[in-house]
Every structure is written in structure tokens, then in C-alpha cells.
Amino acid sequence: MFSKILIANRGEIACRIIKTAKKIGILTVAVYSDADKDSLHVHMADEAVYLGASPSRESYLVIEKVIAAAKKTGAQAIHPGYGFLSENADFCRACQQENITFIGPPVAAIEAMGSKSAAKNIMAEANVPLVPGYHGDDQNEQTLKQAADDMGYPVLLKATAGGGGKGMRQVWNEAEFSEGFAAAKREAMSSFGDDTMLVEKYLTQPRHVEIQVFCDNHQNAVYLFERDCSVQRRHQKVIEEAPAFSMSEFLRSKMGETAIKSAQAIGYQGAGTVEFLLDVDGSFYFMEMNTRLQVEHPVTEMISGQDLVEWQLRVAAGEKLPKTQEELTITGHSFEARIYAEDPSNDFLPATGQLNLLKTPLESKHVRIDTGVRQGDEVSVFYDPMIAKLIVWDENRDKALQRLAKALREYRIDGVTTNIEFLYNLATTDAFKNADIDTSFIEKNHQAIFHQADEKQHDELLTKQLPTAALYIVLALTNKNKEQAALSNDRHSPWHMTNAWRLNEPHNHSLTLAYNDIDYAITIEQKRQASAVYYQITISDAGTTSHTVDCQGEIEGENITVTIDGHRSQSIVAHHENSISLYQEHGVFSFSHILPDHGENQDDDNHGGLMAPMNGTMVSVLVTPGEHVSKDQPLVIMEAMKMEHTIKAPSDGVVNEVFFSAGDMVNGGAELLDFSTLATSKSEEA
Ligand code: ADP
């Protein structure tokens with residue numbers, strides 16, 4: 001076994017690998033960039049070597065620098081984590097040349113899986129089932145169209161060099177083929193500089209089910225069961241689970257054995273994942289093989305009781321696999337939710353900022369948190385905006401799902417916009433509970449997840465959630481006054497009274513709560529009937545309608561119980577500064593308490609730049625200098641982390657100058673364009 005390894009990565013995966021290395025007595029070397037000088041992975045490692053500037057292409061992606069760091073510290077092996085250099089055949093080769101063990105597969109296996117069509121040809125030869133399709137060299141449009149006509153529509157065109165869902169087009173009928181073909185080729189050429197296409201049958205309700213495989217250098221191979229990763233946004237995984245729901249033992253072993261066959265077809269060693277599409281009729285098809293550890297490996301660890309990083313280290317050191325297939329079993333059910341700094345309501349645009357508040361659920365045998373950040377750390381523009389992975393486990397899917405919802409409710413982050421509420425909403429939909437899931441889960445359940453206001457929901461907002469939030473504020477204030485009174489010399493002073501008494505004032509509170517950018521003016525009148533206190537709450541939105549309810553309530557710790565029109569219900573409240581979130585059975589409702597503006601917050605600067613929210617490439621510029629734009633109008637499209645992100649106008653205004661063109665690389669934080677807010681809104685205010 002190695003005595004010292006270098007981890008060519010950062011963040012949660014570097015921390016994750018360091019934990020296992022420590023456990024088995026291996027010294028660790030971290031690498032870091034400017035932005036990561038003080039980061040958790042650097043503190044956890046025994047040594048750390050500086051690589052360079054913050055953009056990863058100047059630090060984490062520079063092969064020579066990483067190799068030099070390993071040589072300087074005497075590390076015998078390099079673990080690449082995932083992303084960065086983990087599937088880079090040149091890096092693997094460079095390690096070999098320097099006699100450093102690459103903790104991963106051989107060069108040839110990485111290369112074999114590099115092209116989608118080459119990979120499919122290898123798999124076809126090994127008798128691994130493929131989605132019916134054409135992936136040959138003849139790129140004549142007529143040849144591909146004939147293949148599409150023969151297999152029947154819909155079909156999917158895919159760039160063979162593709163990744164991240166780019167260069168992919170669905171074609172629903174013969175008439176659309178030509179146009180789709182041209183568009184997919186254009187996108188592939190601009191994204192990968194290669195417009196070679198394949199065409200395959202488009203499955204309309206598939207699940208993404210992947211198999212964890214492991215091979216050693218002694219001809220042993222096992223599968224550590226499956227993960228269902230169907231819940232995806234823009235072809236990127238959001239929540240994963242293991243085992244997959246509704247899997248028969250027969251299907252499980254058939255998929256497992258096929259995955260091993262795929263790995264053996266390319267002489268695989270180490271940890272790998274074979275991704276399949278599973279169709280409604282139980283047929284499954286090879287999609288691709290990832291030649292590294294996956295982000296979602298913890299769910300497999302939770303149900304199998306194995307430490308996959310330890311397995312990787314043992315296999316790389318030449319040992320045999322720690323277990324045989326017969327010795328591996330599944331216990332219970334596990335979910336992983338990826339907690340990202342991003343804004344789900346703005347097309348999942350990555351967010352940045354400082355983690356002013358970071359309160360996580362307590363870790364236990366049921367709850368595991370893999371993270372690379374601490375309270376006070378910065379989520380920078382330079383790297384993937386994942387904050388943590390929340391992993392839960394319990395005896396079965398229902399119980400594990402309850403654990404997930406509870407843990408998401410307990411996660412508190414402030415300072416950075418996150419997807420926690422989105423995850424909670426998603427995990428508490430009936431469809432998710434009932435495992436009514438395929439790869440278009442988020443689109444299909446959009447309304448439930450995003451609480452899009454249909455009439456019923458809007459009605460509930462006015463008669464239930466808004467009154468509850470308003471009552472919470474008043475009751476919390478009342479409790480605070482009580483506490484102050486208890487500390488005061490004159491406990492009976494009318495100033496500390498918590499009933500409706502007010503000097504020369506009606507017994508009212510007024511406040512404004514914003515929900516989804518809409519302000520609601522609310523008055524709360526404390527009343528008495530016989531000896532009972534109740535509250536009459538009136539809510540008006542934008543002056544159009546107003547709604548009045550009578551309610552009673554009490555708060556205890558984080559719980560509020562309210563009775564509205566005889567219906568008693570409970571919510572859990574997260575209250576931090578001006579934000580109030582109510583966690584209910586079907587999702588979370590978040591409000592901002594808008595405080596009266598006394599003028600001190602006025603920002604007179606109506607001129608400024610718009611920053612790139614992350615490192616990436618400019619895909620297109622949609623405006624020209626001098627153009628008048630309205631609030632939320634798309635200005636530019638950037639691509640980063642395999643996704644396109646649209647940067648929108650923060651208000652009505654004028655674009656004075658644009659600093660980048662399509663194709664340019666953009667560093668996160670760079671000023672994209674010069675923008676002036678329109679002066680009219682100011683004069684209206686005055
Ligand atoms: P990329 O490498 O660009 O991510 P993949 O081939 O891995 O592309 O596919 C990404 C996702 O696209 C899959 O997880 C699945 O949701 C969907 N997909 C891929 N192929 C098909 C298909 N033939 N039918 C339906 N959906 C597909």
C-alpha cells in the first residue's frame with residue numbers, strides 16, 4: 001500500500017478522499033489555487049502544494065504542475081477525484097511516465113470511452129445492448145436519415161464527441177429530420193470542433209440507471225448494484241438513490257453482469273460506472289461508461305457498507321478486490337441530494353457569495369454530509385458551485401425519504417442563494433414519493449416543485465401561508481417583548497404588555513411580506529372574544545384584492561401551530577434576519593419581510609457592470625451597445641459546467657458596451673457589459 005498520495009482535486013471530493021486515506025494511515029498531499037489557499041481540503045491534508053492562479057486552467061488542470069507537486073512531495077500515487085483531470089488520458093499517461101500510480105483505469109480504457117460512437121462500437125462487439133441506432137463513419141445525411149426512417153420516429157441525434165447534452169436533438173418525424181440534423185451539427189461544431197453525428201431511437205420515458213463496477217488486476221470484477229439518477233435538470237443529476245426502485249433481482253443481476261461485460265471489454269481496472277437507459281418495458285441500453293469515481297458514489301457506500309475510495313486505493317496498489325460478488329449485499333435505501341449555490345427560479349444560474357450562515361443537520365448513521373466548505377467560506381466564481389452532498393440512509397425508501405425531507409428542512413444557509421428549497425419541494429411531491437419518476441421528472445412536475453400559482457395555490461397562499469408567516473412575526477415579537485419584560489425592573493409597565501394594548505394607536509400591526517417578488521401588505525389586528533385572543537389578518541396584493549382570515553396560533557421553538565377557520569395545522573419555521581421560510585408537508589414557502597425604507601438604503605448609483613457569475617465561455621451576445629432593454633430580458637448566454645446560463649437585465653435600462661464576443665473565454669467575476677438603469681424609475685420615486 002502507498003504511504004503518501006496526492007489528491008489532484010479540491011472541495012468535497014478532495015476532503016472525501018483525505019478522510020479514507022487518514023483512516024487507513026496514508027499521508028495526503030493537497031494541491032490548491034489562489035482562491036483555495038484557506039480551504040478545508042488544504043487544512044485537512046498533511047501537506048499542500050500551491051499550483052497557481054484561481055482559474056482551473058491555470059492551476060488544477062495544468063498536468064505538469066500537478067506532476068511536479070507529486071514529485072516534490074514524494075507522493076507515490078495520484079487520486080484525480082472526479083472532473084478536472086480524472087478522465088484525461090494524457091494525464092494518466094504523464095503519471096505512468098513519471099512512475100506515479102494513477103488511481104484509476106489504464107490509459108487505453110479512458111481512450112476507448114472518449115468517443116460515443118467508438119464506445120458504442122466496442123460495446124456492440126461485446127454484445128452489450130445499445131439503443132437501436134446508427135453510429136457509423138458514413139456521415140451522409142441520407143444515410144443517417146435512412147437509419148432514422150428504418151427504426152421509426154422519434155429519434156435522437158447526438159454528437160459523437162458530445163457531453164453535457166450538447167449537440168443533441170430530438171427529431172419527432174421525417175419532415176423535421178433535415179432541420180434537426182443541421183442544427184445538431186452546428187451546435188456540435190461550435191462546442192466540440194467536431195460535427196460527427198450518430199442517430200438512435202429516442203426513448204420517451206426512460207430512467208437513468210447506472211451500475212457501479214469494480215475490477216482489479218487479478219481478473220476479478222464485481223458490481224456494487226445500481227443507482228437511479230433519473231431526476232435531472234438539463235441532463236445533470238440532482239437527486240440520486242440506491243437501490244433503484246422497482247428493480248427485480250433478475251433485472252438487477254442482468255444489468256450488473258452486462259456492466260461487468262462492458263468493463264471487461266475495455267480491459268478496465270478500478271472503479272467505473274456503466275450508465276444505462278432503462279425503458280418502461282424493462283429493456284435497458286448502454287449509454288456510456290464513466291471511467292472514474294462518481295459524485296453520487298456515497299449512496300452505493302451507504303447500502304453496501306463498503307468504502308469505495310478504500311477499494312480504489314487497494315486496487316491501485318495491486319491488491320485484490322476486498323469482496324466477492326457473493327459477499328456483497330444491499331441493506332436499506334439511500335438518497336443523495338446535491339446542494340448547490342444556484343438559483344432554481346432563474347434557470348439554475350450558479351450563485352456566488354459568502355456562506356454567512358451554514359447550519360447542517362447532525363450527522364449520524366442516517367445522515368452523512370460530504371462537503372468542502374465551512375461557515376464563512378466563499379463560494380467563488382471559479383469552480384463548480386456545489387456546496388455539499390446530503391446523503392441519508394434508512395431501512396426502506398419511505399423512511400429514507402422522510403429522513404431526506406427532515407434533513408433538508410434542517411439545512412440552513414444564508415449569504416448565498418441555494419437550491420435547498422427546490423430540493424425539499426421536489427422530494428415532497430407525491431410523484432417522487434410514489435417513485436413515478438423518469439428523466440423528465442422535473443419538467444413533468446414543474447408546477448408542484450416551483451409552486452406555480454394556479455388558482456388553488458394562490459388561494460392557499462392568501463388564506464394559509466401568508467397569514468401563518470405574518471402571525472409568526474407578530475408572535476415572535478410578542479415573545480421577545482415578554483422576555484424583555486421578564487428582565488426589566490418594572491414587569492408591569494404597559495410598555496411590556498403583550499396584548500393588544502397600544503398608546504394612542506389602534507391594536508394593529510402592519511407589515512409587508514414579499515413572495516416570488518410580489519409584495520403583500522398585511523394588517524394584523526389582535527382581538528378578543530370572551531377570554532380568547534385571536535387575530536384578524538387582512539392581506540392585500542398590489543391593491544387589487546384583499547382577503548381577511550381569523551386565526552389563532554402559538555409558537556414553540558421552530559414550530560408554529562395555527563388554526564384558521566377551524567383548521568389546525570403546523571409548520572416548521574426557519575427565520576433568519578428578514579427571511580422566513582415555512583416548511584410544510586408539500587414544500588416550503590419563503591417570504592422576505594420588507595422593512596420600511598427610511599432612505600438610508602438608497603443606492604444612487606444607477607450605472608454599473610454585470611459580472612460573469614462563473615468561469616466559462618461566451619456562447620452568444622443578444623444585445624448591441626446602445627440598446628434599451630427591459631427587466632429580465634436575456635442579455636448574453638454563457639456556458640459553464642456543461643450548462644448554458646442566460647444573464648438577464650437586472651432592471652429596465654440601457655446597454656452601453658459589451659466587453660466579450662461569442663467564443664471568448666470569460667473568467668468568473670469579469671465585467672461582461674456596462675449597463676445603466678433607466679433614470680425614469682428614479683424620477684418617479686422622487
Ligand atoms: P451527454 O454525454 O451529452 O451527457 P448522454 O448520452 O450521457 O449525453 O445522455 C444524457 C441524458 O440524455 C441521459 O441521462 C438521458 O436522460 C438522455 N438520453 C440520452 N440518450 C437518450 C435516448 N436515446 N432516449 C432518451 N433519452 C436519452
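Colleague: In which helix is the place of Lys116?

Modeller: This is a predicted model, in which local features need pLDDT of at least 70, side-chain atom pairs count only at pLDDT 80 or more, and totals for chains, interfaces and linings use all residues. Residues are numbered from 1 along each chain as its sequence is written, and side-chain values use heavy atoms, with hydrogens and water left out. Helices (H or I, at least four residues) and strands (E, at least two) are DSSP runs numbered from the N terminus. On that basis, residues 116-125 form the helix that holds Lys116, namely H6.

Colleague: Does Lys116 count as buried or exposed?

Modeller: Buried means under 20% relative accessible area, exposed over 50%, and partly exposed in between (1.4 Å probe, protein chains only). Lys116 has 17% relative accessibility and therefore counts as buried.

Colleague: Which residues is Lys116 in contact with, leaving aside its neighbours within four places in sequence?

Modeller: Contact means heavy atoms within 4.5 Å. With those neighbours left aside, the partners of Lys116 are Lys158, Ala159, Thr160, Gly162, Leu198 and Glu288.

Colleague: Into which domains is the protein chain divided?

Modeller: The bounds come from an automatic or database domain assignment. They give domain 1 (4-103), domain 2 (132-201), domain 3 (207-449), domain 4 (455-594) and domain 5 (610-685).

Colleague: How far apart do the C-alpha centres of domain 2 and domain 3 lie?

Modeller: Domain 2 covers 132-201 and domain 3 covers 207-449. The separation of their C-alpha centres is 30 Å.

Colleague: Why does the radius of gyration of the protein chain agree with a compact globule?

Modeller: The radius is taken over C-alpha atoms, and the globule rule is 2.2 Å times the number of residues to the power 0.38. For 686 residues, a compact globule would have a radius near 26 Å, which agrees with the chain's value of 28 Å.

Colleague: Which helix gives the largest share of the lining of the second largest pocket?

Modeller: Helix H17 (455-487), strand S29 (567-576) and strand S31 (587-594) each supply at least two lining residues. The largest share, 7 residues, comes from H17.
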